[in-house]
Amino acid sequence: MLGNLGTNLKDALKKLAGKTVIDRVAVEELVKDLQRALLQSDVNVKQVMQLSQTIKKRSLDEEPPKGVTAREHVLKIVYEELVHLVGGKVDVQLGRQTILMAGLQGSGKTTTTAKIARYFKKKGLRVGVICADTFRPGAYTQIKTLCDRVQVNCFGNPKETDARKIVAEGLQHLKDEVIIVDTQGRHALEDELIQEIIDLNEMTHATHRWLVLDAALGQQAREQARRFHEAVQIDGVIITKMDGTAKGGGALSAVAETGAGIVFVGAGETIEDLEWFDPDSFISRLLGMGDLKALAEKVQESINEEDIDVNAMLSGKFTLRDMYKQLEAVNKMGPLKQVLSMLPLGGMEVPEGAIEVTSTKMERYRIIMDSMTSTEMDDPTVMNGSRVQRIAMGAGATLEEVRELIKYYKMMKRTFKNLKGGEKGMQRLMKKFGR
Ligand code: GDP
């Protein structure tokens, strides 16, 4: 997501890292590079100018705190100002609430409604969805199918043309803790649509009004955000299709227009592809610092009830059993690329092959592991040649396969150790800055 912006920002910072002195010329060059990167990603011109002026001024005026180099200080300022640009952190309450979903047709509103329903359901809340999209044919069937899949209640009436009536009935019918109202989108912001959403907002006494914006929208995103915000005071934004665009800056700018923060980010068509938005993590990821927190959360979610301690994944101290469980978890996490994008690839090596293990291979590994003793499972590096031979025989495997498993284990162990170093390094840096 935001691939180009990330690459360009990283390049700009890399250039800064290569400088021997951080003087006015270096700062000015950095600011120019940042401006170019942000403008190319569709961030609004006025915001880019404001942001870059602030970065320049702070970098030149502020003294780096003790123990912090000038370079780290500038990096911190860039980081903080970018976090500021994408708005503050929005805490999602886990209690009784009604959420009104706003957005134009095609923005991904219906898909997002189902993703959010799944999110609350997974947090243990009872969820009901009202389909108030009377404009788009098939809207009800679409949301009903998705709701059935995540096992949440769904209320709608495809024959009724008045959204207000459906919502009134739905509110009587559904007794769930979280009610999500999927409203109609249409192609353009017509007055009628705006009036309808104002009415629905009043009727439902909505706790939250979340605006769904397509990341690919570019500059139009701001206008949409403004109109919806004027009508119902948007208090959270969800940016969808972040997987599909290398830009996305327009949607980020739109967020600033509402003054509301980003609640979630949609990064894929399937119902699991919803990420809770944490501005700090997002910007660290964008700047190539990696985001171990999001990765840990994702792993935890995918392994669910299984007894893996996520911290073990990052501890570097693990057994062959841990490795197998982790492989299973990673396999379940889905798109490899998405997982990799969360890793701090910046300075550290994460060999792509380290994570891409096919299920066939995993089955072979499992059979080999079944032939090992408990001590060998704790630390397979203790095995000598004859033990390897014994295991291969027992498992009906070749010596090569057993050696490959051991080699793979060593590589994973090293990788996770590095990750831990990366996390610590990052934490150290943040601590220095008092965050
Ligand atoms: P609505 O008209 O706003 O309700 O939009 P839909 O929920 O029907 O979504 C429109 C299209 O966008 C569908 O093809 C969805 O599968 C797709 N879509 C929604 N969210 C995402 C996302 O985060 N990533 C990608 N790649 N596609 C998405």
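This is a predicted model: local features need pLDDT of at least 70, side-chain atom pairs count only at pLDDT 80 or more; totals for chains, interfaces and linings use all residues.
Reader: What makes Leu85 count as buried?

Author: Leu85, which is found in helix H4 (residues 70-85), has 22 other C-beta atoms within 10 Å, and since a residue is called buried at 20 or more, Leu85 is therefore buried. Leaving aside neighbours within four places in sequence, Leu85 is in contact with Gln47, Leu51, Leu252 and Ala256.

Reader: Why is Lys241 called buried, and where is Lys241 placed?

Author: Lys241 sits in the loop between strand E6 (236-240) and helix H10 (249-258), and it has 24 other C-beta atoms within 10 Å; the cut-off for buried is 20 or more, so Lys241 is buried. Not counting residues up to four places away in sequence, Lys241 touches Gly108, Asp214, Ala215, Ala216 and Gly266, and among the residues closest to the ligand are Gly108 and Gly266.

Reader: Why does Asp243 count as partly exposed?

Author: Asp243 is also placed in the loop between E6 and H10, but it has 18 C-beta neighbours inside 10 Å; because buried requires 20 or more and exposed requires 12 or fewer, Asp243 counts as partly exposed. An unreviewed UniProt entry lists both Lys241 and Asp243 under "binding site".

Reader: What makes the buried residues of H6 line one face of the helix?

Author: The buried residues of H6 are Ala139, Tyr140, Ile143, Leu146 and Cys147. Seen down the axis of H6, these buried residues fall within an arc of 140°, so they line one face of the helix. They pack against H5, strand E2 (127-132), strand E3 (153-155) and strand E4 (178-183), whereas the face turned away from the buried side carries the exposed residues Thr141, Thr145, Asp148 and Arg149.

Reader: Which helix gives the most to the shell around the ligand, and how do the residues of that shell divide into nonpolar, polar and charged?

Author: Helix H5 (residues 109-122) gives the most, with three residues. The ligand is surrounded by 18 residues, which divide into one nonpolar, 12 polar and five charged, with Gly counted among the polar residues.

Note on methods:
Residues are numbered from 1 along each chain as its sequence is written. A residue is near a molecule or strand if its C-beta atom, placed from the backbone, lies within 6 Å of it. Helices (H or I, at least four residues) and strands (E, at least two) are DSSP runs, numbered from the N terminus. The arc is that of the directions from the helix axis to the C-beta atoms. Two residues are in contact if their C-beta atoms, placed from the backbone, lie within 7 Å. UniProt positions are given in the numbering used here, feature names are shortened, and annotations may be inferred rather than shown by experiment.
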